[in-house]
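Here is a short report on one model. It takes up a sheet and its neighbours, then a surface beside DNA.

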Protein chains: 2
Amino acid sequence: MKGTIKLADVAKAAGVSQGTASNVFSRPDVVREEVREHVLETARQLGYPGPSLTGRLLRAGKVNAIGVAAVEPLAYFFDDPWARALLAAVAQVCDASGTGLALVSAKDRQKLDWNIKSALVDGFILLCVEAGEKLVQLTRERQLPFIALALNDDDPSIPSIGVNNVGGAAAAATHLAELGHRRLAVLATKFVNDHVGLVGTGEIERAIYSTSRHRAIGYWQALEEFGIQRHDVPIYETNNDKTSVETCLEHLFSAPKPPTAILAMSDNIAILAMSWLATRGLAVPEDVSIVGFDGVPEGSMVEPGLTTVAQPFAEIAQRAVQAVLEDAMPTKREMIDVTLVVRGSTAVPKT
Amino acid sequence: MKGTIKLADVAKAAGVSQGTASNVFSRPDVVREEVREHVLETARQLGYPGPSLTGRLLRAGKVNAIGVAAVEPLAYFFDDPWARALLAAVAQVCDASGTGLALVSAKDRQKLDWNIKSALVDGFILLCVEAGEKLVQLTRERQLPFIALALNDDDPSIPSIGVNNVGGAAAAATHLAELGHRRLAVLATKFVNDHVGLVGTGEIERAIYSTSRHRAIGYWQALEEFGIQRHDVPIYETNNDKTSVETCLEHLFSAPKPPTAILAMSDNIAILAMSWLATRGLAVPEDVSIVGFDGVPEGSMVEPGLTTVAQPFAEIAQRAVQAVLEDAMPTKREMIDVTLVVRGSTAVPKT
DNA sequence: TTTCAATATTGAATCGATTCAATATTGGTG
DNA sequence: CACCAATATTGAATCGATTCAATATTGAAA
């Protein structure tokens with residue numbers, strides 16, 4: 001079409017000042033009814049699409065939207081159960097407060113850089129599952145408020161919200177131990193890059209990914225209370241995907257004395273494991289008990305329901321969004337507690 | 001912090017004109033290397049966060065982002081399998097073209113209105129599963145390019161991309177009939193608002209939701225080729241959720257001669273049905289064959305794999321994004337073909 | 001009729017960049 | 001040394017709204 005109609009055109013056509021015209025749209029109560037009606041009518045006739053957002057935000061300086069960023073392909077937000085659950089919660093909070101939501105991501109460093117630089121948002125929520133420092137650094141340059149979630153780094157200068165991984169993991173392990181399980185195995189999320197399979201205790205203690213490390217430590221601590229030594233609990237590192245989980249399970253269950261219970265560091269791993277066990281004819285919880293971690297909705301939909309350590313997604317989202325919007329970034333790491341949710345996937349061991 | 005640093009400050013501090021400073025950031029090749037370095041250094045020392053997007057886009061008039069909108073709570077995008085699959089595909093296309101992605105939605109009419117009006121995007125992709133006309137109308141006012149997906153309306157003046165529902169449904173029904181099934185039932189998506197359960201053929205022919213109507217017609221056409229009359233195929237309307245699907249199944253399988261095959265109008269319904277059948281001790285495909293519709297990734301992850309009518313999400317996303325970005329809206333409805341994907345959930349009926 | 005307060009409207013300044021015609025600089029030639 | 005073309009830089013105009021101090025209008029009370 002031709003040059004679009006702008007507020008000034010409407011004002012002129014309606015015979016009022018631009019200021020009045022502006023008020024008609026953004027503060028209608030302040031202008032006399034008949035003038036308002038007349039201006040609106042004129043606008044309609046001219047086909048004025050309403051105040052342009054760019055002009056408006058140039059003055060306001062606020063976009064009224066937050067970005068959620070991750071070092072992953074954009075599709076990650078829709079594929080990964082944890083990301084999905086978190087985003088659904090964030091979406092809910094945004095919905096309530098009339099805040100927009102923009103997805104920002106890229107696996108490729110350069111693209112991510114550009115995407116973060118050019119996202120029209122007032123602040124960022126960072127999903128630091130991987131390459132968190134890179135993400136934080138890039139975001140810092142943008143000089144917008146941000147908050148990191150699931151940060152694998154203890155740097156206190158990074159505003160972040162974390163969950164009590166040690167405590168949660170301990171609760172999961174305690175639950176299994178109390179049921180009577182003594183032969184346990186762990187299916188872990190990443191400790192280091194590019195490794196899958198059995199991993200030694202020393203490597204874990206030195207692992208760069210602190211989320212996985214903390215969960216492992218939580219398991220160990222709890223099990224030691226029951227006289228189970230860390231060396232007796234094999235820990236398998238997975239990529240949080242079907243292939244690697246199944247590889248690990250193959251290995252685990254081809255051993256002479258397979259475990260009676262599995263501690264999974266994510267619900268995703270747990271669910272994948274359950275479906276592998278089902279195809280192997282192993283019943284959950286009769287033959288094998290399993291506990292997940294995260295508390296994603298899928299956990300309550302599988303059969304049997306997954307016992308898991310639930311993160312309070314709603315609360316995390318609430319705090320994160322608020323922190324970003326009000327630039328009320330916590331001065332230090334905030335830590336949120338998790339709760340054990342017992343469903344059908346755990347029971348006393350057979351015999 | 002205090003009043004933020006702007007381009008003019010940097011320019012002054014570096015002793016160059018604002019124009020040059022601008023060029024340093026947006027067209028670096030045009031300014032002499034040493035000047036550029038000097039300006040950049042000055043900017044760094046001042047802590048200049050780079051050209052403000054608002055200022056830039058005010059002139060450029062482009063946001064470089066598209067919005068995806070639906071008349072649903074924002075969490076819908078992360079909960080519904082179809083929406084998820086589609087968004088993942090859209091995300092992929094956006095990723096490739098460096099376009100941002102914003103999620104716009106609200107169940108409440110007024111909020112939706114405001115959200116659409118205030119979304120910083122260059123155009124919209126509309127998910128018209130429900131209340132499509134409302135959505136289209138709201139978007140029209142914004143005067144931005146848009147394209148409707150899954151539109152339940154044949155109005156040719158609405159730029160839209162649809163799938164061949166009749167053909168797809170026919171393929172699904174033909175597949176089952178060829179396997180030898182003669183007692184079939186349909187689990188449908190919405191025909192009208194606020195109804196669940198058995199629905200008559202007349203109501204279907206008059207249904208406002210054309211997606212469901214077309215799929216029903218496709219089933220009928222194919223089955224008639226095999227001598228199965230439409231009145232012999234019960235059609236149950238669901239809300240595409242667990243509760244309503246199970247209600248319908250209860251009803252369906254408490255009848256004297258339950259069906260040997262189910263035609264589900266969405267994979268979501270099909271998957272819910274499969275898990276209900278499992279808890280009832282009915283084996284798929286031995287006791288009951290089932291065919292879905294959509295081709296969402298979850299369909300290949302359930303056990304057995306779901307036979308379904310797959311939409312080419314990647315192609316749909318590709319075309320939709322392109323249409324919006326280039327404002328190359330199709331002059332009339334575009335129709336995309338679907339393909340039957342046979343997996344393990346269908347087999348010849350047990351005697 | 002005058003005065004005053006309350007309410008409406010105006011218009012110029014502003015937000016922070018980009019753009020482009022005009023001007024300045026540079027280096028190479030005759 | 002003068003001249004020209006090529007290249008760099010400048011600065012004012014521009015994008016489209018909002019804001020707010022100043023001014024105009026209205027209605028009621030004195």
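Five strands of chain A build an open sheet, in the order 7-8-6-9-10, with mixed pairing. Strands pair here if DSSP finds at least two bridges between them. Helices (H or I, at least four residues) and strands (E, at least two) are DSSP runs, numbered from the N terminus.

This is a predicted model: local features need pLDDT of at least 70, side-chain atom pairs count only at pLDDT 80 or more, and totals for chains, interfaces and linings use all residues. Residues are numbered from 1 along each chain as its sequence is written, while chains are lettered from A and ligands numbered from 1 in the order in which they are written.

Strand 6 (residues 184–188) and strand 9 (residues 261–264) of chain A run parallel, joined by four bridges. L187(A) stands opposite A264(A) in strand 9 of chain A.

| Helix of chain A | Touches, in chain A | Angle |
|---|---|---|
| Helix 9 (residues 165–179) | strand 6, strand 9 and strand 10 | about 160° with strand 10 |
| Helix 13 (residues 267–279) | strand 6, strand 9 and strand 10 | about 145° with strand 9 |

Contact means C-beta atoms, placed from the backbone, within 7 Å. Axes are lines fitted to C-alpha atoms, for helices over the stretch in contact, and angles run from 0 to 180 degrees between N-to-C directions.

Now the DNA. Around DNA strand D lie 27 residues, of which K6(A), S22(A), G55(A), G19(B) and T20(B) come nearest. A residue is near if its C-beta atom, placed from the backbone, lies within 6 Å. Helix 2 of chain A gives the most to this surface, with six residues.

Definitions and conventions: Two residues are in contact if their C-beta atoms, placed from the backbone, lie within 7 Å.
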